[in-house]
Amino acid sequence: MRGRGNLGRFIESSSAIAHKTPSTRTAGRTRPVRGLIFPAERPEEGLAVILIRHETASDIGARERLLDTCFGESRYAKTSQRLREGRLPADGLSFTAEDADGHLVGTVRLWHVATGCGRPALLLGPLAVDPSIQGCGLGSGLIQAALGRAEALGHGAVLLVGDAPYYARFGFSGEKTASLYMPGPFERERFLGLELKTGALSGARGVLRGTGAFEPIPVHAGEIVAADARRQAA
Ligand SMILES: CC(C)(COP(=O)(O)OP(=O)(O)OC[C@H]1O[C@@H](n2cnc3c(N)ncnc32)[C@H](O)[C@@H]1OP(=O)(O)O)[C@@H](O)C(=O)NCCC(=O)NCCS
């Protein structure tokens, strides 16, 4: 199992997100993006270079298609989704991986939550990597970038629901989540936590709730809801 020792290197490399400004290599796109070239080492000849960068609004369509591919319709039924829906992810903690042709090949986001006793934490997910390049280390690169940035921004703890054998390598375990509950059905052995600051989850208990800012309501949403209510009442 890999643990905090490995995380230290992740933080070092992910700090490059704030400083490097490589240009996208996609024809017609000239806007520079902040990002971290993955793998961080000089790529060997023939090795694909992936850019991990902050997500932008133009990534949303491709991100949703990737999530549909990786999780299918069931993703909307997950209890984690109850903590995310209608809310914005934590500032600066949505990441996109883009291949050399500008295709979105990976995504991960972090969300504000609070424990039942009011401890703040981040909820990680969904994490997804394009099936064509799974197993090449990109999932790890995305988690390293996300955790490193979260720590640099001063966040104390990260929670998630996922496969313990995968997330244990980043230091996640069920040790700190034993007295915590998701606000709906969840598998206890998959509910994991990681302290970025020692003690951030000590004594944490109760049911998680979403605490992130709400998504702005589309301009016409109020009219649509009102019209729908009138139809229902008629
Ligand atoms: C899970 C996922 C994000 C991992 O990304 P990835 O880029 O394929 O993973 P990495 O290359 O960083 O790591 C590969 C290693 O993780 C292991 N691994 C991958 N998924 C795993 C899982 N669900 N459980 C346990 N180990 C897993 C691989 O066996 C491999 O092990 P090794 O390093 O000992 O060879 C990716 O497979 C994916 O998108 N899957 C579909 C969506 C999903 O399940 N998301 C996570 C929700 S918990």
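Select Gly 156 to begin; this glycine lies in the loop between helix 4 and strand 7 (157-161). The model on screen is a predicted one. Gly 156 has 17 other C-beta atoms within 10 Å, so it counts as partly exposed, since a buried residue would need 20 or more.

Now zoom out to the whole chain. Its secondary structure comes to six helices and eleven strands. Of its 234 residues, 32% count as buried. Among contacts between residues at least 6 apart in sequence, 69% join residues at least 24 apart.

Next, select strand 4, residues 104-114. How many of its eleven residues are buried? Ten are, so strand 4 is largely enclosed by the rest of the structure.

- Strand 3 (residues 94-98) pairs with strand 4 in the antiparallel sense, over five bridges. Pick Phe 95 to find Val 108 of strand 4 standing opposite. The hairpin of these two strands has five residues between the strands, and in this hairpin Gly 102 takes a positive phi near 85°.
- Strand 5 (residues 120-124) also runs antiparallel to strand 4, and five bridges join the two. Pick His 112, whose bridge partner in strand 5 is Leu 122. The hairpin of strand 4 and strand 5 has five residues between the strands; there, Gly 118 takes a positive phi near 90°.
- Strand 6 (residues 128-129) pairs with strand 4 over two bridges, in the antiparallel sense. Gly 106 stands opposite Val 129 in strand 6.
- Strand 11 (residues 209-210) is joined to strand 4 by two bridges, and these strands run antiparallel. Here Val 113 stands opposite Gly 210.

In soluble globular proteins, nonpolar side chains tend to be buried together. In this model the largest nonpolar core has 46 residues, and those with the most contacts inside it are Leu 110, Leu 122, Leu 142, Ala 146 and Val 158. Which elements supply at least two residues each to this core? They are strand 2 (50-54), strand 3, strand 4, strand 5, strand 6, helix 4, strand 7 and strand 9 (191-195). Helix 4 gives the most, with seven residues.

Select Leu 110 to look at one of these core residues with its surroundings. Not counting residues up to four places away in sequence, Leu 110 touches Pro 89, Ala 90, Leu 93, Leu 122, Leu 123, Leu 124, Ala 146, Ala 150 and Val 158.

The last stop is the ligand. Select the ligand and the 15 residues that surround it; the closest are Gln 134, Gly 139, Ser 140, Gly 162 and Asp 163. Strand 6, helix 4 (138-152) and helix 5 (164-167) are the elements that give two or more residues to this shell. Helix 4 gives the most to the shell, with three residues. Colour the shell by class to see eight nonpolar, six polar and one charged residues.

Technical notes: Residues are numbered from 1 along each chain as its sequence is written. This is a predicted model: local features need pLDDT of at least 70, side-chain atom pairs count only at pLDDT 80 or more; totals for chains, interfaces and linings use all residues. A residue is buried if 20 or more other C-beta atoms lie within 10 Å of its own, exposed if 12 or fewer, and partly exposed in between; C-beta atoms are placed from the backbone. Helices (H or I, at least four residues) and strands (E, at least two) are DSSP runs, numbered from the N terminus. Two strands pair if DSSP finds at least two bridges between them. A residue is near a molecule or strand if its C-beta atom, placed from the backbone, lies within 6 Å of it. Ala, Val, Leu, Ile, Met, Phe, Trp, Tyr, Cys and Pro count as nonpolar, Asp, Glu, Lys and Arg as charged, and the others, Gly among them, as polar. A nonpolar core is a set of buried Ala, Val, Leu, Ile, Met, Phe, Trp, Tyr and Cys residues joined through C-beta atoms within 7 Å. Two residues are in contact if their C-beta atoms, placed from the backbone, lie within 7 Å.
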